[in-house]
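Dear colleague,

Here is the structure I promised to pass on to you. My notes on what I found in it follow below.

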Amino acid sequence: MSSEDQGVSRRSVLLGAGAAAGALGLGGGYVSSLGDRSEMATTHQIESYLTENAVLHGYCSPNCRGKCQMDVYVRDGQIQKVEPKIPDNEDYKRSCTLGLTHTQRAYNPTRLKYPMKRTDWSPGNPNPSGRGDGAEFERISWDEALDYVADEMNRVREEYDPRSVYFELGSGGAGINGTIYSRLAGLFGGTMKSWSIDINVGLGFRRITGGGYFNTPTNQATDIENANTIVIWGGNIFESRFQQDASKVLNAKENGAKIVVVDPVYNTTTAKADMWLPVKPGKDGHLAMSMINVAFEEDYLDREFLRERTLGPALVKEDGSLLKTGEIFDDGDDETPVAYDEAAGEPVALEPETYGEYALFGEYEIDGTTVTTGLTKVREAAAEYAPEDMADYVGVQAENIRKTVRWLGTRGPGGILTGLGVDRYVYGHVFGQAYAILLALMGQYGQSGCVTGGITQGGGFASDYGGVEGAPGSRYLQQKGILSALEGDDEHPIKAMYAMSSNFVANQMPNRQRWLKALENVDMVAVADIQHTPNVQHADIVLPASHWFEREDVAGTWTQPHVRYREPAHDPLWESKHDHWMLVRLAERLGFGEHFDRDRETTLRKILAAEERFTLEDLREKGTFFDDSAPEVIWQGEFNTPSGRLELYDEDAPSEKGNSLEVPVPLESRTREDYPTADEYPLTFLQKHSRWRIHSQFGRMPWMRRINPEPTVDINPKDAKSRGIDDGDYVRVYNDRGEVVVKAKHNEGYRPGMVNIDQGWWGDDYVRGHHNDLTHLDVSEAIENFAFYDTRVEVEPAPDDIDTSMYTDPKTEDWLGESTTGGGN
């Protein structure tokens, strides 16, 4: 198809539903336009649904904890409403406000409708400076779009290397699309990303327990109700995890549990707590060590557990390494640690899951070698963190620190339910190490009611449909490595990029301007998505993806034990296609067609072929499958560590800033009071998750934007007053990397010295700038985890000449329907 609309602007791409929308009966952006509004206003809502002709199985697909099952009501071929579905296990019936807006998302004029090409891009003449806010697009056919993408991928493969093609898989959807995408990338031999987001605490915890990555594992969500003490640390779960965890915490509270919230912000979750520990930003590791200090001082140690399941009794030499059986026994080895058996008066092998009267403290002489126990090392490390000494520094009263540990140590099973807040500081992994040790001291592993982290046990299906045998496989780089490859600082620089379900580069990455600059080195950027995101605006080829409810799909989940099934409500609207359709045809153009099937049902059956518990027909009938293979209680038996025990003392520890971390050493970056730029930029900048979006998704839903019409910066009234800022004033938030202009919102829930802009807003939601123009790319030596919260800024009144008319005198956009409070696009 030749171009029908030369020079289509970004606005017309977003808002031009045009004749296609009219023909579908979708004119306008508000879902009530599917029928006559005056008629709908006079028709009782219950009666209006009596004529429904189908209730379909569905589930939501964003990167959140829920992936909630849904009933999708369809009448006359259109989605009319969405409700929570009762799954196999009724304890997991949940859905959120966002999930109930899918009628608006499916029929939203901001959806991408046609394949598009940037007007000033062509093969061999990429003109990268044309990407971004001023880019214009022209409509092309699907054949043209896929030919462009395949031809550029093949050219880059031949001129550079297959690894110079970047297959960016984002987290904006859950289903078989990721499986197909990874299969194609592996056949091609391209580059894919490993994560650099939200892995700090998980990997610190993993060094002790052998488990953890995105956050830290705990029992199934239903077991939270059995906890007697729950310390919610660094997560506002009643806003960001209310689909599952919040209800279970409330059930536990009704059962008599004590709820403690550790957070610098007084928020929705804090309001439910029995006690709030308002820790200062970045000082969570210090607070955890203070709690460890109390556990030793007030003796809340589970000695039986420490002897049987931890390296607490392991003997440590003066050089910091563990004494091994091969050093003192003829039949020993270089792996098994040694303990001192007080009953026998001699050293013995410290085997996993083996109890003995091992010494937990003390110094000994073994065959001429001076040793002490691992637990002694931990106690020595915690000695300098007494609550009375740390109270002012961490911002928490000493007695409240002690009371929290008493509850954990005396009330039976309980523990720490972690959020992702601490991940977003440079040295958050030290907190993961420390709190894993704190729970181990009290034996809070392997029992019903123990809460050891924030990732409840999920479920899935068996499948052997993945990589193709003999394929070269993908190269994986952490996201900071991806940036280096985009910038050309890599043996195989990235020259072509295909992003699917991803809004990373142009919106979600720290130090955003550096990523956008790096894109100038890339010859072709293709983006497949549902809506016109910032990533799409920086694309050369735009591929319109179908809405989730327009495709048959299956998915497991990592936080609740169900497999979900979705049936399509209708065909994809306009010329959108599901990702499987795109990828199979792209694979054919790249020479890999034999490894894929065009028919989606055939692909689904192949993906499920290894599953013996249910069939596709079973899912089609029931809509969900309860995966009872997921354990309700975890951490039973040997730990997945070299010793098979909880490694309270880590002889293979990394170093940070010259500190070796065999035991925790709390560290800070920009949250230190003496940080070099602390005087110039005195405020710690957060970007918390919002209940009104999932990362950068759902920001174009009219219902949500009526409630949450524009970005704001939360600022304590004391900080605002000292800067001459009234509530509702527009302000400039800035540092040496960038700026953003937003409306100020006085919020006493934030302690003085902190400000916050909710993450996920798009660039064109701001009067000027972007919140991720403020963030940086500093990471720790041990873990390349982006530290979004470890940021300093200053705030001042916005310049008088700033144009705020997009909010102060808004022109209502089509996608907002009758809304009068939303912003511009």
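Phe-167 touches, leaving aside residues up to four places away in sequence, Met-153, Tyr-181, Leu-184, Ala-185, Phe-188, Gly-190, Thr-191, Met-192 and Tyr-498. Please bear in mind that this is a predicted model. Phe-167 belongs to the largest nonpolar core, which has 112 residues, and it is one of the members that touch the most others, together with Ile-79, Met-153, Leu-184, Tyr-498, Trp-515 and Phe-596. Another core lies apart from that one and has 63 residues, among them Leu-287, Leu-360, Leu-438 and Val-663. As a general background, nonpolar side chains tend to be buried together in soluble globular proteins.

Helix α22, which spans residues 600-607, has Arg-600, Thr-603, Leu-604 and Ile-607 as its buried residues. These cover an arc of only 100 degrees around the axis, and therefore they sit on the same side of α22. The buried residues of α22 pack against α7 (177-188), β21 (553-555), α21 (579-590) and α23 (616-622).

Turning to the strands, there is an open sheet of four, in the order β10-β9-β8-β16, with parallel pairing. Its edge strands, β10 (275-277) and β16 (414-418), each pair on one side only, and neighbouring strands of the sheet are turned against each other by 20 degrees on average, direction ignored. Strand β8 (residues 229-233) and strand β9 (residues 258-262) run parallel and are joined by five bridges; Ile-230 has Ile-259 in β9 as its bridge partner. Helix α15 (residues 398-410) lies across β8, β9, β10 and β16, and runs at about 120 degrees to β10.

Which residues does Arg-512 touch, if those up to four places away in sequence are not counted? They are Val-505, Ala-506, Asn-507, His-770, Asn-772 and Asp-773. Arg-512 lies in helix α19 (residues 512-518), and it counts as buried because its relative accessibility is 11%, with the limit for buried set at under 20%.

The mean pLDDT of the chain is 90, and 92% of its residues reach 70 or more. Over residues 1-50, however, pLDDT stays under 50, and the model has 97 contacts beyond four places in sequence for this stretch. Over residues 818-825 pLDDT likewise stays under 50, and here the model has 32 such contacts beyond four places in sequence.

With best regards

Terms used. Residues are numbered from 1 along each chain as its sequence is written. This is a predicted model: local features need pLDDT of at least 70, side-chain atom pairs count only at pLDDT 80 or more; totals for chains, interfaces and linings use all residues. Side-chain values use heavy atoms; hydrogens and water are left out. A nonpolar core is a set of buried Ala, Val, Leu, Ile, Met, Phe, Trp, Tyr and Cys residues joined through side-chain atoms within 4.5 Å. Buried means under 20% relative accessible area, exposed over 50%, partly exposed in between (1.4 Å probe, protein chains only). Contact means heavy atoms within 4.5 Å. Helices (H or I, at least four residues) and strands (E, at least two) are DSSP runs, numbered from the N terminus. The arc is that of the directions from the helix axis to the C-beta atoms. Two strands pair if DSSP finds at least two bridges between them. Axes are lines fitted to C-alpha atoms, for helices over the stretch in contact, and angles run from 0 to 180 degrees between N-to-C directions. pLDDT is the predictor's confidence in each residue, from 0 to 100.
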